[in-house]
Amino acid sequence: MYEFIQHYGLDIATTLLGVIYIVFEYRASIWLWPVGVLMPLLNIFLFYDRGLYADMSMSVYSTLAALYGFLLWRFGKKKEQAERPITHIPWRSLSIATVAFLTIWAVIYYLLAHYTNSTVPMTDSFTNALEIVGLWALARKYVEQWFIWILMDAVATVLYFYKDMPFKGTLYAAYVIIAVAGYREWLRKMHTEQQTTTAI
């Protein structure tokens, strides 16, 4: 039992936090950000133990991005708004985000392939590049951020099972389904917000 907890303890703990996180994200609740600080802090140790160095480094970024997201959701709104509104991503921002994703993916892949003993540099760099862009889109409260998570979660599911993290792998498989539902929920919330604004 002790060996099981020692080997899978962090996997289980971060998985439980991941469940709480996705529920808050689905509800577009600002409470997703405090959980988004704690979860990656624990993931640093988990990913280091499993040799997922890009994921480990990504966890540092995720912690900082969660702080940024909290501040943006809390203070990045107009005075008359109760909270930052959900919107579509502008075409210009989408183009920039796409170029940024491809650049980040290439850089992370190069670093993993040439400076670490990673056995999955292509996949690890791909999911991390998506997460960087995804967290930015989430912080801006763009409804299309769910498309990024659907793709990332699907790939990460396979990666985590391959790296012997069954609990996290199962969580990410569930994330795919929740992300589809989350997109529909955010779309509904966005339309409701727009109708309310128009009525006012």
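**Ground rules**

I'm working with a predicted model, where local features need pLDDT of at least 70 and side-chain atom pairs count only at pLDDT 80 or more, while totals for chains, interfaces and linings use all residues. Residues are numbered from 1 along each chain as its sequence is written, and side-chain values use heavy atoms, with hydrogens and water left out.

**Entry 1: salt bridges**

I noted 3 salt bridges in the structure. The term needs a side-chain nitrogen of Lys or Arg within 4 Å of a carboxyl oxygen of Asp or Glu.

Back to my opening pair: arginine 188 and glutamate 185 both sit in helix H7, 3 residues apart, about one turn of the helix. I took helices from DSSP runs (H or I, at least four residues; strands are E, at least two), numbered from the N terminus.

Then I checked how covered the two are. Buried means under 20% relative accessible area, exposed means over 50%, and partly exposed is in between (1.4 Å probe, protein chains only). Arginine 188 is partly exposed at 44%, and glutamate 185 is buried at 15%.

Glutamate 185 also has a salt bridge with lysine 189, and there the closest N and O atoms are 3.9 Å apart. These two are 4 residues apart in helix H7, so about one helical turn separates them. Lysine 189 is partly exposed, at 21% relative accessibility. Shared partners join Glu185, Arg188 and Lys189 into one network of salt bridges.

I also looked up aspartate 49 and arginine 50, whose side chains meet in a salt bridge of 2.5 Å, N to O. Aspartate 49 is exposed at 53%, whereas arginine 50 is buried at 10%.

Which way does phi go at lysine 141, positive or negative? I found a positive value of about 65°, although this residue is not a glycine.

I located aspartate 164 in the loop between H6 and helix H7 (166-199). It counts as partly exposed, at 34% relative accessibility.

**Entry 2: the second largest pocket**

Here I needed the grid rules. A pocket is an open set of points on a 1 Å grid over the protein atoms alone, where a 1.4 Å probe fits and protein lies on both sides within 12 Å along at least five of seven lines; lining residues have an atom within 4 Å of a point.

How much space lies in the second largest pocket? I wrote down about 260 Å³, a volume filled by probe spheres set on the points, which are joined across faces, edges and corners.

Its lining has 15 residues, with Leu94, Ala97, Thr98, Val133 and Ile148 nearest the centre. H4, helix H5 (121-139) and helix H6 (145-162) each supply at least two of the lining residues. I sorted the lining by class and got 12 nonpolar, 2 polar and 1 charged residues. For those classes, Ala, Val, Leu, Ile, Met, Phe, Trp, Tyr, Cys and Pro are nonpolar, Asp, Glu, Lys and Arg are charged, and the others, Gly among them, are polar.
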